[in-house]
Amino acid sequence: MEYMSLEPISLALGDKVSTADKSDSVSDKIDTEEERDKAQSQKLVEKLKLHTVVKHVPSHKEQALPLIINQVNCAYEMGKLMEKNSHLIGIRVKRSMSVGERVVESATTLWDLFVLGVSYVFWQWVWPVVTRIFVIGLVFHRTIAEIVLQILEWRARPDAAALKDISATAQQVDIRLQQFCYWPIQYVKLRQRKDNWESVTTSHPDYIRFYNSLWLVANDVIIGIALGSYIIDNANWVALQINSILTGWTVEGLQRTISWLMDWPAGLKLNNELAAFLGDLFLWVIENWAGKDLPHWYSSFS
């Protein structure tokens, strides 16, 4: 969707108040020094206002700019609607049908009658039951999501960190649950956007934000499934590559570095006996840690 706007789209949810802001306000009230600094900065701002240039009085064109942009967006929507329904304009009058065409039309009419009966049964009997089950499931999931959000946002003290502040996984779960709780509200707004032309031109941010969040979730699911399928199909090769990389960096690389340090590194003359002792000690520790040369007592104990 393309539209013109004087204000950027806010990616944050409009009706959600972050608990971090609440904790900041509580800490600001407690901390007297920050209150004093804020008061001083406010005084400086008031003094700066006395030295500012007189504010420019907006002209009639500038005042009418939001209305003009709204009309442009409305005209764009009208153009898209007319382009979509342009094939319905100027339909020529049909000629008299032949016998074969009448037989085809009667068969089509019979099929349409059957489809109409099936659709009536579906919309009158099946659809209300499916809708009620979906609403009950949605309410149940919303309740669970709210409980999990309360757990993630719980703080032992007002100035303490919540679980979502110290865990990246908890933060991602919190974001996804907020999006899940906000989707029904956005969907209702999008269903109401075509009630009148005014709502069409003022609900573009909700439209973009709704489908943007859906696309992000779909990307996460698609990439996760693709990556998981690749790892499952090539489990042996992936495990071998990870093992070789970790072995090269954590075992073989350390062994090469220690061996280099044991023999006058960069021309520096060291204590040969001490260097040999410490080098052999660390090499033995690395070998034991890597599980290559475990002693008999260690293997029997484990």
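On the scale used here, buried means under 20% relative accessible area, exposed means over 50%, and partly exposed lies in between, with a 1.4 Å probe and protein chains only. Glutamine 150 sits in helix α5. Helices here are DSSP runs of H or I with at least four residues, strands are runs of E with at least two, and both are numbered from the N terminus. In space, glutamine 150 and aspartate 174 are 9.6 Å apart, C-alpha to C-alpha, while in sequence they are 24 residues apart.

Before we go on, a word on what you are looking at. This is a predicted model, in which local features need pLDDT of at least 70, side-chain atom pairs count only at pLDDT 80 or more, and totals for chains, interfaces and linings use all residues. Residues are numbered from 1 along each chain as its sequence is written, and side-chain values use heavy atoms, with hydrogens and water left out.

Now the overall picture. The chain has 12 helices and zero strands. Of its 302 residues, 15% are buried. The accessible surface is about 24,600 Å², and carbon and sulfur atoms hold 66% of that; these areas come from the Shrake-Rupley method with a 1.4 Å probe, and for residues only the protein chains shown count as cover. A contact means heavy atoms within 4.5 Å. Among contacts with a separation of 6 or more, 59% are between residues 24 or more positions apart.

Next, charges. Side chains of opposite charge can pair when their charged atoms come close. How many salt bridges does the structure hold? There are six, each being a side-chain nitrogen of Lys or Arg within 4 Å of a carboxyl oxygen of Asp or Glu.

One of them joins arginine 142 and glutamate 146, at 3.0 Å from N to O. These two are four residues apart in helix α5 (residues 99-152), so about one helical turn separates them. Arginine 142 is partly exposed at 31%, and glutamate 146 is partly exposed too, at 26%.

Another pairs aspartate 220 with arginine 176, whose closest N and O atoms are 2.2 Å apart. Aspartate 220 lies in helix α9 (residues 204-233) and arginine 176 in helix α7 (residues 168-192), so this pair ties together parts that are 44 residues apart in sequence. There is also a network: Glu153, Lys164 and Asp174 are joined by salt bridges that share partners.

Back on helix α5, find tryptophan 127. Tryptophan 127 is partly exposed, at 39%. It belongs to a nonpolar surface patch whose members include Tyr120, Phe122 and Trp123, with about 850 Å² of accessible area together. Patches are made of residues with over 30% relative accessible area and no salt bridge, joining like charges within 9 Å, or nonpolar side chains (Val, Leu, Ile, Met, Phe, Trp, Tyr) within 5 Å.

Last, confidence. pLDDT is the predictor's confidence in each residue, from 0 to 100. The chain's mean pLDDT is 76, and 75% of its residues reach 70 or more. Over residues 15-29, though, pLDDT is below 50. Residues 293-302 also stay under 50, and the model has four contacts for them beyond four places in sequence. Where pLDDT is low, the predicted coordinates should not be read in detail.
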